[in-house]
2 protein chains.
Amino acid sequence: MPTSLIKETDVDVLVIGAGPAGVMAGNALVKAGINVRIIDQRPVKVMAGQADGIQPRTLEVLQSYGLAERLFKEGNQMHMAAFYNPSPSGGIELTDRVPDVTAPSARYPFEVTLHQGAIEALFLDSMKSMGVEVSRPITPVSIQVSDDAAVLQDPTAYPVRVVLKNLDPAVGQHDTEIVHAKFLLGTDGAHSWVRKMFNIAMEGEQTDYIWGVVDMIPDTDFPDIRNRCAIHSNNGSCMIIPREGDKVRLYVQLGAQDAIDSVTGRVNKNKFSPHHILEVARKSFHPYTFETPKEFDWWTLYQIGQRVASKFSIHERVFIAGDACHTHSPKAGQGMNASMNDTHNLAWKLAHVVRGWADISILKTYEHERRKYAQDLISFDKQFARLFSGKPRTEVNQDGVSHEDFIRAFQTFGGFTSGIGVHYTESAVVQTKHQSHASNLIIGQRMPPQILVRAADGRPYELHDLMPSDTRFKILVFAGNTTVPQQLQRVRAFSDQLFGDCTAQGDGLLARYVPEGGDLFTAFEILTITAATKMTVRLDQLPKSLRSHWSKVFVDDTDPANRHPAEVYAKFGINPEGVVVIVRPDGYIGMVAPFDSITDIDSYFASFMKVH
Amino acid sequence: MPTSLIKETDVDVLVIGAGPAGVMAGNALVKAGINVRIIDQRPVKVMAGQADGIQPRTLEVLQSYGLAERLFKEGNQMHMAAFYNPSPSGGIELTDRVPDVTAPSARYPFEVTLHQGAIEALFLDSMKSMGVEVSRPITPVSIQVSDDAAVLQDPTAYPVRVVLKNLDPAVGQHDTEIVHAKFLLGTDGAHSWVRKMFNIAMEGEQTDYIWGVVDMIPDTDFPDIRNRCAIHSNNGSCMIIPREGDKVRLYVQLGAQDAIDSVTGRVNKNKFSPHHILEVARKSFHPYTFETPKEFDWWTLYQIGQRVASKFSIHERVFIAGDACHTHSPKAGQGMNASMNDTHNLAWKLAHVVRGWADISILKTYEHERRKYAQDLISFDKQFARLFSGKPRTEVNQDGVSHEDFIRAFQTFGGFTSGIGVHYTESAVVQTKHQSHASNLIIGQRMPPQILVRAADGRPYELHDLMPSDTRFKILVFAGNTTVPQQLQRVRAFSDQLFGDCTAQGDGLLARYVPEGGDLFTAFEILTITAATKMTVRLDQLPKSLRSHWSKVFVDDTDPANRHPAEVYAKFGINPEGVVVIVRPDGYIGMVAPFDSITDIDSYFASFMKVH
């Protein structure tokens, strides 16, 4: 076919792979108004099985995109974890029941389990409502990236050229398409084609742990079948993850000899069956019984590789995310969460660059933040997998893993496994200098949830709901007690200097970051939290930039029905003289600054935003 | 036109009038699988203005039909009430800000304001999703009810004959239809045609209070424009109800001379305009200012009649509900709430009778319960209107209404205005004999909300969400501490006697009320709350009737994340030896019984249910 007949398309961002990382990216970018194309080689979306639970932090992230409500309706909630260990009388016995999540600040102190297809559907339906669907079945066949430094530095250029092939037989000979993209995102899984095309190495190693996984509606007398369970028996280890409806997933540890093909050295699913996995599980569950179900909903075998890609990007034009850059054990339920949070981290940065708001250098912070996280994840996974797969400590095996060891690890790592404790270190978008002015808000961690009471109508509001993932930086002005004249004076002076009259032409310091045709609120949301009470607050005295609408001001007071305490300033450790907390578009705290450090605020934004 | 060409239809229930009372009834009956026809003479539904706020109890009721979530999204929440009184310096000043709702047990401690059309749309869309739409524009022209006692006693007979006329000109000469109904419900408003056809008198009187109402987006410096406000000035009284979006409603007291037509003695809307109403309001608001808005969203004039129909039913075959049987002032925001709760009360009783589950005599409890409520409402309205319309107490007017008088009334009546305190007295469906066994659960009031922790998975659940309006009686078995062998023995004995094996053929006492082809769960939901803890609970030891599914058993313990206290038994004053609480399908407590009063439970159901 002559080249002239081949379709050529320009897109801002081409996403290859519509798994959890890909659809999170696609939805976020479409929502941000970016021209994005998402392709996937599978003809239809995943229908059952696969990835597990959604962690508390991921729930917060989904909520920020307006997607959590449906997830809560469709999914199962895991609130409790139970631990079983060898019983003196043989078999296993209940040792403990503890919270499934150890993360006191989590907005949602539980995990949600739901099959991967239903989770992806949240994003697919959201994108569809905005007019974008995944193109499938389409596979990439070649890729080229310009090596011209000037082109690579120009955010309006299209340095990535990808040839795509449509796998749908109905398409016939017009199956080839060339896409020119400003940016490319490879979210194409553990065997990533994108990663391989750029010879990015996976660093780390394969483990000897092999696990069998079965989904089914169980018929059992085991008492904790609706709790997450860790079962350590003298006959093997097992994990239970209750799922949507009456379904349950079993993770069963298998011996290498059972599941490895001696010729290839790889897991051979053909040698196994879900019946076989259940048979192994039964040995751990004694004296409790599991009947063979009428059908298995899904099943698979895993051999765990604990690996991280050596780099996450080529020239900040091609990125890999999700399983394409880290693989690890499924037992802590991290996989899908890590993947979605990769692209949640990247999407707003891409949007800012494509729009011309941020310098292209901001994209370096993606690898900086997410590769470190991936390495921490592998290191956690190694420790946890060792404890999990180890023999339990018993009278006769004093070197085994004790319940105390295990539960200590389970709870110590709670911040990590919940996703709540994820901490991004100093970079262009994380500035830790003034940490002491909000001593309990950890710069680089996500802004914690907090009920605030709205000044104008006393309505209690969750702060997280005031900070949707809309690509805007949220500037939280903790104004101190604005009923005190001197403090009010400080607030006015600060606000005039930073915001001015909120126009692009105004004399506020932030005016120079305002994109063309917009005002301050195009790029920034400004929320005010005063230490005044419901009774004493005077909205009309605040500078207009701090009350652009009556709904933007909050007090540090109980709600009228007295169901939430007045605690914001104390809980966050906020300096009552006035502090600004800058929350990044992904919900992470980028900076804290006292009112007299206004030039530091300017420097923060100057380090990655373009001046107009 | 010869009679033979006139269309004739049979329906279980004909509802005349698709206002709030009518659509509540329609939706509830359709949901219950009843063959219902709803007609309305308006060609389209209401689009703006009209009724006000949804009270806390009505929010609970809407939630029980799965309709609250959308309401919360679309409506405005009123959490705070502000009071303004004459200032010594002239004009008005802020006296107090208090909770809008005084009802500690309310699940939702606020009111929601939204225009009537959007509220009706919740029900209309819900019905549409079940395949039923309102027939309009249709008006009834004649009605006959059989006076044959045998027919009236036969729930399968169609003693009501209504001739309908289609007002759509496109229908032409085939505009007449005859409907034969088992039951008829007149929810056709204050000028009810149904009421007039049966010469049902309205008892009570017209008042002299005349109010002007305007909806608009205000431009004002008044600080409490987003709170419910009661303004008592020396120049008149005013009320503010903030609404959805940025809209606000003003209620303004008018002089009779301004608004009454001297010839007819009736309110004459033609003599008035929204500008005129705003002009009167401005006098009360001084020194605060109200600019004239670009447009008024809606406006009207009210003259308050405080009247209750002398009866609510003809032979328990024709019923009137809502404004058709009670009219009162709009200021306490009761109108739409009273109307919807009328038919919420009636719908499940009608469903039980139409299905043949309950004796037709149960329908007498509708008038018993709702007419008393309407009378209480009028008596409250009289007191409240007097306080509201009275001149404020000032230096020169020592006989005026003081702020203390007013706020005392506002809070004293909180149980009433919130709807939470509504109390149905002894009847076939309310049996108060064993009140002392659950001393803090008031028999005849609605079952309060309560977070319970599910035994199988530690998930905290709101009890209200376990008791949807699905026409089933909810049998809450407070089983005491089931880890104590003697108590477990008592529970088993009780359960065997009352529920047996839960089949229609079983030897449980309730078996005889099980409808043909069903089991116990067709008519009853059985939920168990044990005083065991998350750690000690043993589901497998409970009799199967008390754990028909793993999701039906709850413990009196904190949730795993420790966000809700262990308090159920203490808070409800439950006798730890075991108590059954029977909650009616509309959420009201019908009966409490200790385990040794099993025959009283049987007598309760025998007093209105049919034995099969």
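User: Where does A:Lys247 lie?
Analyst: This is a predicted model. In it, A:Lys247 sits in the loop between β13 (236-242) and β14 (248-254) of chain A.

User: Which residues does A:Lys247 touch, leaving out those up to four places away in sequence?
Analyst: With those neighbours left out, A:Lys247 touches A:Met216, A:Ile217, A:Arg226, A:Pro242 and A:Asp297.

User: What does the side chain of A:Lys247 make with the side chain of A:Asp297?
Analyst: A polar contact, at 3.3 Å.

User: And A:Asp559? How far apart are A:Lys247 and A:Asp559 in space?
Analyst: They are 40 Å apart, C-alpha to C-alpha. In sequence, 312 residues separate A:Lys247 and A:Asp559.

User: Switching to the chains. How many residues of chain A are in contact with chain B?
Analyst: On chain A, 35 residues are in contact with 35 residues of chain B.

User: What area is buried between chain A and chain B?
Analyst: About 2900 Å². Carbon and sulfur atoms give 50% of that area.

User: How many residue pairs are in polar contact across the interface?
Analyst: The rule finds 19 between chain A and chain B, with both residues at pLDDT 80 or more.

User: Which elements give two or more residues to the side of chain A that touches chain B?
Analyst: Those are α3 (68-74), β4 (76-78) and β6 (92-99) of chain A. β6(A) gives the most, with five residues.

User: How do the residues on that side of chain A divide?
Analyst: There are 15 nonpolar, nine polar and eleven charged residues on the side of chain A that touches chain B.

User: How many salt bridges between chain A and chain B?
Analyst: The count is two. A:Glu69 forms one with B:Lys73, where the closest N and O atoms are 2.9 Å apart. B:Glu69 forms a salt bridge with A:Lys73, and there the closest N and O atoms are 2.8 Å apart. That pair crosses from helix α3 (residues 68-74) of chain B to helix α3 of chain A.

User: And how many salt bridges over all chains?
Analyst: The structure holds 78.

User: What rotation superposes chain A on chain B?
Analyst: One of 180 degrees, with 0.0 Å of shift along its axis and an RMSD of 0.0 Å. That is the relation of a two-fold axis.

User: Which residue of chain A comes closest to the rotation axis?
Analyst: A:Glu69, with its C-alpha at 5.1 Å. The same surface serves both copies: 100% of the contact residues of chain A recur in chain B.

User: New topic, the backbone. Where is the peptide bond cis?
Analyst: One case runs from A:Arg136 to A:Pro137, with omega near -10 degrees. A:Pro137 is in the loop between α4 (116-129) and β8 (138-145) of chain A. A cis peptide bond also joins A:His286 and A:Pro287, with omega about 15 degrees. A:Pro287 is in the loop between α8 (274-285) and β15 (298-309) of chain A.

User: What about phi at A:Glu316?
Analyst: Positive, about 55 degrees, although A:Glu316 is not a glycine. A:Glu316 lies in the loop between β16 (313-314) and β17 (318-320) of chain A.

User: Last one. What does the UniProt annotation say for residues 422-610 of chain A?
Analyst: The unreviewed UniProt entry annotates them as "domain: Phenol hydroxylase-like C-terminal dimerisation". In the model, that span is 17% helix and 19% strand. Its end C-alpha atoms lie 28 Å apart.

Technical notes: Residues numbered from 1 in each chain as written. Chains lettered and ligands numbered in written order. Predicted model: local features only at pLDDT ≥ 70, side-chain atom pairs only at ≥ 80, totals over all residues. Heavy atoms only, no water. Contact = heavy atoms within 4.5 Å. Buried area = accessible area lost by both parts, 1.4 Å probe. Salt bridge = Lys/Arg side-chain N within 4 Å of Asp/Glu carboxyl O. Polar contact = N/O pair within 3.5 Å; in protein donor to acceptor, adjacent residues only side chain to side chain. Helix = DSSP H or I, 4+ residues; strand = E, 2+ residues; numbered from the N terminus. Nonpolar A, V, L, I, M, F, W, Y, C, P; charged D, E, K, R; others polar. Least-squares fit on C-alpha atoms with pLDDT ≥ 70 in both. UniProt positions renumbered as here; feature names shortened; annotations may be inferred.
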